[in-house]
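This briefing goes through selected parts of a structure, grouped by topic for use beside the sequence and the coordinates on display.

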Amino acid sequence: MATIRPFKAVRPNEKVADKVAALPYDVMSSMEAREMTKDNPISFLYIDRAEINFEPGVNIYDDKVYKMARQVYEDRKADGTFIQDCEPCLYIYRQTMDGRSQLGLVACASIDDYINNHIKKHELTREEKEQDRIKHVDNVNANTGPIFLTYRHMDELSKVIKNWSESHKPVYDFVAEDNIGHTVWVIDDKETIDAIVESFKNIPSLYIADGHHRNASAVKVGLRRREENPGYSPEAEFNYYLSVIFPDNELYIMDYNRIVKDLNGNSKEEFLNKVSEKFTVTEYQSEGPCHPQKAHTFGMYLDKKWYLLEAKEEYINKNDVVASLDVSILQNELLNPVLGIEDPRTDNRIDFVGGLRGLKELEKRVDSGEMTVAFAMYPTTIEELMNIADADKLMPPKSTWFEPKLRSGLLIHELD
């Protein structure tokens, strides 16, 4: 069963929520963070990417950066930018993009659920990326960025959450600079909170949709606090971490496309011949880029021309939940054997482009000569993600691109 619980959120006062809320720290560089905040001194990025409080060139992993994050956070609480709810609450967070909404519950998840695999993962994490957030969370003494979780939807639970949102006034309701709407409600009724907490006990598993490194870091901070407090209470806040939990039927996964620098020594003709051994290759006749319309098909852009690739049946392993993924088929039958991309995580000849940027971005980077060939993917489904996690297997890197991204700074969970 899934364990969730309410918490006393630290959150912006209503007048400045739209200015405080910021994109996740890991979707931008330091330079981009500086540019985003130059006219906004209360952006949460001054906490989440605290190196921007210093001159450019500072080591972003320097201890003084993490100490500055804590200082700015405390200053924002002192000057009234942030307030804290007096009683533990649950929260509803709605995001709206292009007229489509998803309604999530903001609550604390249990680090024991993660350890016991009731919160399931589908991606590996890298130690160096974990260490950054461990130091950040430990210094600020708070989970500042929520983990994006999902679950197989329950109609009755969705109904309770939706009814609250429709019958109560939100505390925040704004459209950010990227035209994505963000709306937050506070659930402060104990009876409703208890009913929702009990409903989650009927959910066997939660799944990490996005934020594997943040999740692993939050858990490790909690475990460290347990070591530092041998007589700790199971109810201590550090046993829990900040999450936004969406039902699977409301989520939208976009394509995560690939571009490659060269043809690995092949001429165009040699390359197309090799590709045609395992894929049916046809020139794309319609106008505009080739968007794959079904699984096991791919758009390919080469020499200012789009092609439609369809994997041949004998190269689709339908008995393996990982091998049957489109990202696996492309990697195992084309990128590796034809283009020599053995490890897409480390090979600098390949890059990845999230679907939000569109296929025109693929054309742009190939036409400029920066890259030679691009592949447009059919999106991985949320059901595939959950099936792989249930099988205790891992997805290939860069398999999913979730939109919209959760904003940081709207709801913060303190660890004591």
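This is a predicted model: local features need pLDDT of at least 70, side-chain atom pairs count only at pLDDT 80 or more; totals for chains, interfaces and linings use all residues.

Tyr301 has Trp306, in strand 17, as its bridge partner.

*The open sheet*

- Strand 16 (residues 297-302) and strand 17 (residues 305-311) are paired antiparallel, with six bridges between them.
- Both belong to an open sheet of six strands, arranged in the order 15-17-16-19-14-18 with antiparallel pairing.
- Strand 15 (279-283) and strand 18 (350-354) are the edge strands, each of them pairing on one side only, and neighbouring strands of the sheet are turned against each other by 25° on average, direction ignored.

*Helices packed on the sheet*

- Helix 10 (residues 268-275) packs on the sheet through contacts with strand 15, strand 16, strand 17 and strand 19 (373-376), and its direction makes about 175° with that of strand 16.
- Helix 12 (residues 359-367) also packs on the sheet, touching strand 14 (256-260), strand 16, strand 17, strand 18 and strand 19, with its direction at about 170° to that of strand 19.
- Glu363 lies in helix 12 and touches Pro289 as well as Tyr301 and Trp306, when residues up to four places away in sequence are not counted.
- Glu363 counts as buried because its relative accessible area is 12%, which is under the 20% cut-off.

*Strand 5 and its partners*

- Nine of the eleven residues of strand 5 (residues 100-110) are buried, and therefore this strand is largely enclosed by the rest of the structure.
- Strand 4 (residues 90-97) pairs antiparallel with strand 5 over seven bridges, and Thr96 has Ser101 of strand 5 as its bridge partner.
- Strand 1 runs antiparallel to strand 5 and is joined to it by two bridges, Ile4 having Ala109 in strand 5 as its bridge partner.

*The second largest pocket*

- The second largest pocket holds about 170 Å³ of space, and its lining includes Ile4, Arg5, Pro88, Lys190 and Asp194.
- Strand 1 (4-5) and helix 8 (190-200) each supply at least two residues of this lining, and helix 8 gives the largest share, with five residues.
- By residue class, the lining of the second largest pocket divides into five nonpolar, one polar and five charged residues.

Notes:
Residues are numbered from 1 along each chain as its sequence is written. Side-chain values use heavy atoms; hydrogens and water are left out. On a 1 Å grid over the protein atoms alone, a cavity is a set of points where a 1.4 Å probe fits but cannot get out, and a pocket is an open set with protein on both sides within 12 Å along at least five of seven lines; lining residues have an atom within 4 Å of a point. Grid points are joined across faces, edges and corners, and a volume is the space filled by probe spheres set on the points. Helices (H or I, at least four residues) and strands (E, at least two) are DSSP runs, numbered from the N terminus. Ala, Val, Leu, Ile, Met, Phe, Trp, Tyr, Cys and Pro count as nonpolar, Asp, Glu, Lys and Arg as charged, and the others, Gly among them, as polar. Two strands pair if DSSP finds at least two bridges between them. Axes are lines fitted to C-alpha atoms, for helices over the stretch in contact, and angles run from 0 to 180 degrees between N-to-C directions. Contact means heavy atoms within 4.5 Å. Buried means under 20% relative accessible area, exposed over 50%, partly exposed in between (1.4 Å probe, protein chains only).
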